[in-house]
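Visitor: Could you walk me through how to read a few features of a model like this one? Let's have it on screen first.

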Amino acid sequence: MSLTLYFHPLSGFCQKVLVALYENETPFKPQLVNFGDATERADFLKLWPIGKFPLLRDDSNGRLIPETSLIIEYLALYYPGKVTLLPENPVAALEVRRLDRLFDLYVAIPMQKVILDRLRPDGSHDPVGVAEAKATLACAYDVLEAEIGERQWALGDAFTMADCSAAPALFYGERALSFRDSHPRLWAYFERLRTRPSFARVLAEAEPYFQFFPRNPGDAELSR
(Lines give C-alpha, C1' and ligand atoms only; values in the text may rest on other atoms or scores of the structure.)
Protein backbone atom coordinates (compact mmCIF):
# COMPACT_ATOMS: atom_id res chain seq x y z
CA MET A 1 0.00 0.00 0.00
CA SER A 2 1.91 3.04 -1.22
CA LEU A 3 -0.63 5.80 -0.44
CA THR A 4 -0.97 7.51 2.95
CA LEU A 5 -3.56 10.21 3.57
CA TYR A 6 -2.92 12.67 6.38
CA PHE A 7 -6.31 13.99 7.41
CA HIS A 8 -8.95 14.59 10.07
CA PRO A 9 -12.43 13.03 9.72
CA LEU A 10 -14.25 16.25 10.68
CA SER A 11 -12.57 18.37 7.99
CA GLY A 12 -14.75 19.03 4.95
CA PHE A 13 -11.74 19.27 2.65
CA CYS A 14 -10.46 15.94 3.93
CA GLN A 15 -13.91 14.46 3.39
CA LYS A 16 -13.78 15.59 -0.23
CA VAL A 17 -10.68 13.46 -0.86
CA LEU A 18 -12.08 10.54 1.13
CA VAL A 19 -15.16 10.50 -1.12
CA ALA A 20 -12.88 10.22 -4.16
CA LEU A 21 -10.87 7.40 -2.58
CA TYR A 22 -13.99 5.50 -1.56
CA GLU A 23 -15.65 5.94 -4.94
CA ASN A 24 -12.86 3.93 -6.56
CA GLU A 25 -12.04 1.72 -3.57
CA THR A 26 -8.46 2.98 -3.80
CA PRO A 27 -6.26 1.31 -1.15
CA PHE A 28 -4.61 3.78 1.21
CA LYS A 29 -3.41 4.13 4.77
CA PRO A 30 -5.42 6.69 6.76
CA GLN A 31 -3.21 8.77 9.05
CA LEU A 32 -5.33 10.90 11.35
CA VAL A 33 -3.58 14.12 12.42
CA ASN A 34 -4.54 15.72 15.71
CA PHE A 35 -3.32 19.33 15.65
CA GLY A 36 -4.12 19.52 19.36
CA ASP A 37 -1.21 17.15 20.01
CA ALA A 38 2.08 19.07 19.84
CA THR A 39 4.08 16.04 18.65
CA GLU A 40 1.63 15.14 15.88
CA ARG A 41 1.48 18.74 14.76
CA ALA A 42 5.27 19.05 14.67
CA ASP A 43 5.64 15.79 12.74
CA PHE A 44 3.09 16.94 10.17
CA LEU A 45 4.76 20.33 9.76
CA LYS A 46 8.02 18.57 8.97
CA LEU A 47 6.24 16.97 6.01
CA TRP A 48 4.26 20.02 4.92
CA PRO A 49 5.30 23.33 6.54
CA ILE A 50 2.16 25.05 5.24
CA GLY A 51 0.32 22.96 7.84
CA LYS A 52 -2.88 22.30 5.90
CA PHE A 53 -4.48 18.94 5.34
CA PRO A 54 -5.35 16.72 3.59
CA LEU A 55 -1.91 15.69 2.37
CA LEU A 56 -1.31 12.60 0.25
CA ARG A 57 2.00 10.75 0.39
CA ASP A 58 2.88 8.29 -2.36
CA ASP A 59 5.75 6.06 -1.31
CA SER A 60 5.98 4.54 -4.78
CA ASN A 61 7.67 7.69 -6.05
CA GLY A 62 8.38 9.75 -2.94
CA ARG A 63 5.82 12.44 -3.76
CA LEU A 64 3.78 14.58 -1.40
CA ILE A 65 0.60 16.00 -2.92
CA PRO A 66 -1.26 18.81 -1.10
CA GLU A 67 -4.61 20.43 -1.88
CA THR A 68 -7.83 18.53 -2.47
CA SER A 69 -8.36 19.00 -6.20
CA LEU A 70 -4.70 18.26 -6.94
CA ILE A 71 -4.93 15.07 -4.88
CA ILE A 72 -8.02 13.90 -6.76
CA GLU A 73 -6.44 14.71 -10.12
CA TYR A 74 -3.30 12.87 -9.05
CA LEU A 75 -5.37 9.82 -8.13
CA ALA A 76 -7.17 9.98 -11.48
CA LEU A 77 -3.83 10.10 -13.27
CA TYR A 78 -1.86 7.46 -11.35
CA TYR A 79 -4.53 5.37 -9.63
CA PRO A 80 -7.57 5.39 -11.95
CA GLY A 81 -10.61 3.36 -10.97
CA LYS A 82 -14.03 2.43 -12.22
CA VAL A 83 -15.42 5.92 -11.56
CA THR A 84 -13.94 8.59 -13.83
CA LEU A 85 -13.97 11.61 -11.55
CA LEU A 86 -12.29 13.83 -14.14
CA PRO A 87 -13.32 13.32 -17.79
CA GLU A 88 -10.65 12.71 -20.42
CA ASN A 89 -12.31 15.24 -22.70
CA PRO A 90 -10.60 18.56 -21.86
CA VAL A 91 -13.74 20.64 -22.35
CA ALA A 92 -15.75 18.41 -20.03
CA ALA A 93 -12.87 18.33 -17.56
CA LEU A 94 -12.79 22.13 -17.51
CA GLU A 95 -16.48 22.18 -16.57
CA VAL A 96 -15.81 19.78 -13.71
CA ARG A 97 -12.96 21.98 -12.48
CA ARG A 98 -15.18 25.07 -12.73
CA LEU A 99 -17.88 23.66 -10.46
CA ASP A 100 -15.28 22.10 -8.19
CA ARG A 101 -13.79 25.55 -7.61
CA LEU A 102 -17.24 27.06 -7.12
CA PHE A 103 -18.01 24.64 -4.30
CA ASP A 104 -14.59 25.07 -2.69
CA LEU A 105 -14.22 28.84 -2.97
CA TYR A 106 -17.79 30.07 -2.62
CA VAL A 107 -19.39 27.47 -0.35
CA ALA A 108 -16.66 25.73 1.68
CA ILE A 109 -14.46 28.77 2.34
CA PRO A 110 -17.19 31.23 3.44
CA MET A 111 -18.80 28.42 5.45
CA GLN A 112 -15.54 28.10 7.40
CA LYS A 113 -15.59 31.83 8.11
CA VAL A 114 -19.06 31.57 9.63
CA ILE A 115 -18.39 28.41 11.63
CA LEU A 116 -14.91 29.31 12.90
CA ASP A 117 -16.16 32.69 14.14
CA ARG A 118 -18.11 30.72 16.73
CA LEU A 119 -14.81 29.66 18.28
CA ARG A 120 -13.60 33.22 18.80
CA PRO A 121 -13.63 34.46 22.40
CA ASP A 122 -16.06 37.18 23.41
CA GLY A 123 -15.00 40.54 22.12
CA SER A 124 -13.12 39.20 19.10
CA HIS A 125 -15.97 38.12 16.84
CA ASP A 126 -16.09 39.44 13.28
CA PRO A 127 -19.76 40.23 12.52
CA VAL A 128 -18.90 42.10 9.33
CA GLY A 129 -16.83 39.21 8.00
CA VAL A 130 -19.54 36.71 8.95
CA ALA A 131 -22.21 38.80 7.19
CA GLU A 132 -20.05 38.98 4.07
CA ALA A 133 -19.46 35.23 4.17
CA LYS A 134 -23.20 34.54 4.49
CA ALA A 135 -23.88 36.84 1.55
CA THR A 136 -21.37 34.87 -0.52
CA LEU A 137 -23.04 31.61 0.52
CA ALA A 138 -26.49 32.95 -0.41
CA CYS A 139 -25.24 34.03 -3.83
CA ALA A 140 -23.53 30.67 -4.40
CA TYR A 141 -26.74 28.84 -3.47
CA ASP A 142 -28.65 30.90 -6.03
CA VAL A 143 -26.09 30.11 -8.74
CA LEU A 144 -26.13 26.40 -7.92
CA GLU A 145 -29.93 26.23 -7.70
CA ALA A 146 -30.16 27.56 -11.25
CA GLU A 147 -27.26 25.61 -12.71
CA ILE A 148 -27.75 22.15 -11.25
CA GLY A 149 -31.48 22.27 -11.70
CA GLU A 150 -32.85 18.78 -12.23
CA ARG A 151 -29.50 17.11 -12.95
CA GLN A 152 -28.74 13.90 -11.09
CA TRP A 153 -25.25 15.08 -10.21
CA ALA A 154 -23.44 18.40 -10.50
CA LEU A 155 -22.86 18.11 -14.25
CA GLY A 156 -25.30 15.44 -15.32
CA ASP A 157 -25.48 11.66 -15.02
CA ALA A 158 -21.82 11.08 -14.09
CA PHE A 159 -20.47 11.50 -10.56
CA THR A 160 -17.32 13.65 -10.75
CA MET A 161 -14.78 15.58 -8.72
CA ALA A 162 -17.31 18.41 -8.53
CA ASP A 163 -19.63 16.14 -6.55
CA CYS A 164 -16.77 15.11 -4.26
CA SER A 165 -16.37 18.80 -3.50
CA ALA A 166 -20.09 19.51 -3.21
CA ALA A 167 -20.92 16.83 -0.65
CA PRO A 168 -19.00 18.15 2.39
CA ALA A 169 -19.31 21.79 1.31
CA LEU A 170 -23.11 21.59 1.32
CA PHE A 171 -23.23 19.39 4.43
CA TYR A 172 -21.44 22.02 6.48
CA GLY A 173 -22.82 24.94 4.48
CA GLU A 174 -26.28 24.01 5.69
CA ARG A 175 -25.01 24.59 9.26
CA ALA A 176 -23.66 28.03 8.38
CA LEU A 177 -26.61 29.24 6.27
CA SER A 178 -29.49 26.88 5.65
CA PHE A 179 -30.73 26.27 2.12
CA ARG A 180 -33.21 23.51 3.05
CA ASP A 181 -36.36 25.58 2.48
CA SER A 182 -35.02 28.30 0.19
CA HIS A 183 -33.40 26.24 -2.61
CA PRO A 184 -35.42 23.06 -3.25
CA ARG A 185 -33.44 21.76 -6.23
CA LEU A 186 -30.12 22.28 -4.48
CA TRP A 187 -31.54 20.55 -1.41
CA ALA A 188 -32.72 17.59 -3.49
CA TYR A 189 -29.24 17.33 -5.00
CA PHE A 190 -27.71 17.41 -1.53
CA GLU A 191 -30.04 14.64 -0.40
CA ARG A 192 -28.74 12.48 -3.26
CA LEU A 193 -25.18 13.27 -2.22
CA ARG A 194 -25.87 12.41 1.40
CA THR A 195 -27.07 8.92 0.49
CA ARG A 196 -24.26 8.22 -2.01
CA PRO A 197 -22.43 5.25 -0.40
CA SER A 198 -19.01 6.93 -0.52
CA PHE A 199 -20.20 10.06 1.30
CA ALA A 200 -22.45 8.11 3.66
CA ARG A 201 -19.33 6.20 4.71
CA VAL A 202 -17.41 9.45 5.21
CA LEU A 203 -20.17 10.82 7.44
CA ALA A 204 -20.38 7.60 9.44
CA GLU A 205 -16.64 7.77 10.11
CA ALA A 206 -16.89 11.45 11.08
CA GLU A 207 -19.85 10.99 13.41
CA PRO A 208 -17.80 10.35 16.58
CA TYR A 209 -16.22 13.78 16.06
CA PHE A 210 -19.44 15.72 15.43
CA GLN A 211 -19.51 16.63 19.12
CA PHE A 212 -16.55 18.93 18.49
CA PHE A 213 -18.28 20.90 15.73
CA PRO A 214 -18.81 24.48 16.92
CA ARG A 215 -22.50 25.29 17.26
CA ASN A 216 -24.47 28.30 18.36
CA PRO A 217 -26.69 27.93 21.42
CA GLY A 218 -29.94 26.31 20.34
CA ASP A 219 -28.51 24.79 17.17
CA ALA A 220 -29.43 21.19 16.45
CA GLU A 221 -26.78 18.54 16.87
CA LEU A 222 -24.73 17.79 13.79
CA SER A 223 -25.94 14.50 12.34
CA ARG A 224 -25.96 12.45 9.19
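Predicted model: local features only at pLDDT ≥ 70, side-chain atom pairs only at ≥ 80, totals over all residues.

Visitor: How many disulfides does the structure hold?

Guide: A disulfide is a pair of cysteine sulfur atoms within 2.5 Å. Here there are zero. For Cys 164, the nearest cysteine sulfur belongs to Cys 14, 14 Å away.

Visitor: Is Cys 164 buried or exposed?

Guide: Buried means under 20% relative accessible area, exposed over 50%, partly exposed in between (1.4 Å probe, protein chains only). Cys 164 counts as buried because its relative accessibility is 0%. Cys 139, at 47%, is partly exposed.

Visitor: Where is Arg 118, and what does its side chain reach?

Guide: Helices are DSSP runs (H or I, at least four residues), numbered from the N terminus. Arg 118 sits in the loop between α4 and α5 (127–148), and is buried, at 19%. A polar contact is a pair of N or O atoms within 3.5 Å; within protein, one must be able to donate a hydrogen and the other to accept it, and residues adjacent in sequence count only if both atoms are side-chain atoms. The Arg 118 side chain has the backbone oxygen of Arg 175 at 3.0 Å and that of Pro 214 at 3.1 Å.

Methods
Residues numbered from 1 in each chain as written. Heavy atoms only, no water. Helix = DSSP H or I, 4+ residues; strand = E, 2+ residues; numbered from the N terminus.
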